[in-house]
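This report describes a structure for a reader who is new to the subject. Please look at the sequence and the model first, and then follow the text alongside them.

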Amino acid sequence: MGNILTFASAFILPCVILYIVGYGLLSKLNIYDIFIDGAKDGIKIVFNIMPTLVGLLFAVGILRASSAFDLLGRLLEPILDRLGMIVEVFTLAIIKMFSSSASTGILTDIYKNYGTDSAAGLMASIILSSTETVFYTISVYFLSVKITKTRYTVWGALVATIAGVVASVVITNCFLM
Amino acid sequence: MLNYMWGIMIIIGIVVGALTGNMEAVSAAIIDSSKEAIALCITMLGIVAMWTGVLKIAEVGGLMAAMSRILSPVIDFLFPRVPKDHPAREYISTNFVANILGLGWAATPAGLKAMEELQKLNKDKSVATTDMCTFLIINISSLQLVPMNIIAYRSEYGSVAPTAIIVPAILATLVSTLAGVIYAKIMGRRYHG
């Protein structure tokens with residue numbers, strides 16, 4: 001099962017590109033010129049994102065290094081215990097809201113310390129699969145069009161994220177253990 | 001909101017760091033994380049440019065329009081205020097499909113284009129429209145069906161069943177997306193009556 005899936009997933013990216021390029025060629029488009037034109041937009045997009053990313057990763061970096069997340073986790077430990085959630089998994093869920101690369105580091109730590117198929121390992125895997133980088137996405141998307149009043153977006157994104165985390169905890173505790 | 005959050009994150013971080021004796025780590029993090037941000041952008045440059053190039057071909061060739069026609073019932077339901085033939089629909093559809101397939105790098109440029117188009121429909125350029133809020137909430141609710149990256153990490157770290165999380169992950173993703181859609185719909189309705 002695992003092998004078939006890995007095999008099939010290796011096809012997604014090349015096939016999407018094959019389809020688009022093949023279609024463009026058959027439609028007699030100047031595909032290479034169009035590609036270059038589009039790639040220029042991509043470079044501009046990343047340059048526009050850069051300052052946002054520096055601002056966000058720098059603030060998250062300070063918070064992580066200060067051990068504020070661990071402190072929060074320890075404070076909430078009695079509640080987390082009752083939910084069958086260890087502090088590391090809670091920290092993971094919080095960090096994922098800011099940075100995908102930082103959360104991957106925590107995920108691999110959990111795998112090393114508790115095992116990939118332990119409750120913590122499974123819960124962490126499902127949480128990362130069902131949540132997104134809330135604050136990163138909101139700041140990049142809104143700042144790109146210079147919107148400063150985001151109305152209820154943050155709350156909505158938090159509602160969806162909390163629902164995903166709760167579902168991950170319930171599924172792990174009720175069905176996988 | 002973002003202004004306060006950003007400021008509070010930095011202040012809490014530095015104060016907690018001082019109280020817990022982690023100031024050295026905080027100092028290092030200030031420098032390292034800023035460097036990392038640009039390193040990440042360098043990686044992004046190549047991949048995002050490749051995707052915006054390929055997606056441009058799809059756009060000019062009419063593939064994106066075809067896809068947004070297929071998704072049009074979904075788009076109509078979620079974004080009733082976007083006109084029928086507006087280009088925002090194409091970019092929103094592309095963003096959703098790329099996310100579902102797990103092509104996150106392709107999703108971001110399409111998503112930013114969608115924001116640009118939605119901004120053209122906006123009367124007050126500094127305030128998010130209801131459609132923008134809906135778009136971002138759904139985007140952030142996670143749409144990816146098969147978490148290939150997580151499966152790869154699981155097998156790398158010696159899992160006996162790396163793919164055991166697929167069905168649970170799909171379920172959890174459905175729950176989070178449903179919660180996001182319901183919230184966005186309720187808030188949108190409250191605002192527009």
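## Architecture of the two chains

Read along the sequence, chain B has the pattern α-α-α-α-α-α-α-α-α. Helices (H or I, at least four residues) and strands (E, at least two) are DSSP runs, numbered from the N terminus. This is a predicted model, in which local features need pLDDT of at least 70, side-chain atom pairs count only at pLDDT 80 or more, and totals for chains, interfaces and linings use all residues. Residues are numbered from 1 along each chain as its sequence is written, while chains are lettered from A and ligands numbered from 1 in the order in which they are written.

Chain B contains 9 helices and 0 strands. Chain A likewise contains 9 helices and 0 strands, and its pattern along the sequence is α-α-α-α-α-α-α-α-α. Chain A is more spread out than a compact globule, because its radius of gyration is 20 Å, well over the 16 Å that the globule rule gives for 177 residues. The radius of gyration is taken over C-alpha atoms, and the globule rule is 2.2 Å times the number of residues to the power 0.38.

| Chain | Box, roughly |
|---|---|
| Chain A | 65 × 45 × 30 Å |
| Chain B | 60 × 45 × 35 Å |

## Domains

Domain bounds come from an automatic or database domain assignment. In chain A, this assignment gives domain 1 (1-47) and domain 2 (67-176), and the C-alpha centres of these domains of chain A are separated by 31 Å. In chain B, the assignment gives domain 1 (1-61) and domain 2 (73-193), with C-alpha centres 21 Å apart.

Within chain B, 6 residues of domain 1 are in contact with 7 residues of domain 2. Two residues are in contact if their C-beta atoms, placed from the backbone, lie within 7 Å. The side of domain 1 of chain B that touches domain 2 of chain B divides into 4 nonpolar, 1 polar and 1 charged residues. Here Ala, Val, Leu, Ile, Met, Phe, Trp, Tyr, Cys and Pro count as nonpolar, Asp, Glu, Lys and Arg as charged, and the others, Gly among them, as polar.

## Where the chains meet

How many residues of chain B are in contact with chain A? There are 89 such residues in chain B, and they meet 87 residues of chain A. Several helices of chain B each supply at least two residues of this side, including α1 (2-19), α6 (104-120) and α8 (148-156). The largest share, 27 residues, comes from α2(B). The side of chain B that touches chain A divides into 59 nonpolar, 24 polar and 6 charged residues.

## Two helix pairs

Two packed helices are described by the angle between their axes and the distance between the axes. Axes are lines fitted to C-alpha atoms, for helices over the stretch in contact, and angles run from 0 to 180 degrees between N-to-C directions.

Between the chains, helix α9 (residues 153-176) of chain A packs with helix α7 (residues 130-140) of chain B at an angle of about 25 degrees, their axes being 9 Å apart. The helices α9(A) and α7(B) are therefore roughly parallel to each other (angles under 35 degrees count as roughly parallel, over 145 as roughly antiparallel, 65 to 115 as roughly perpendicular and the rest as oblique). On the α9(A) side, A:Thr153, A:Gly156, A:Ala157 and A:Ala160 meet B:Cys133, B:Leu136, B:Ile137 and B:Ile140 in α7(B). The residues of this contact of α9(A) with α7(B) comprise 6 nonpolar, 2 polar and no charged.

Within chain A, helix α2 (residues 31-65) and helix α8 (residues 134-144) pack at an angle of about 145 degrees, with axes 10 Å apart. Among the residues making this contact are A:Asn48 and A:Ile49 of α2(A) and A:Phe135 and A:Tyr136 of α8(A). The contact of α2(A) with α8(A) divides into 6 nonpolar, 4 polar and no charged residues.
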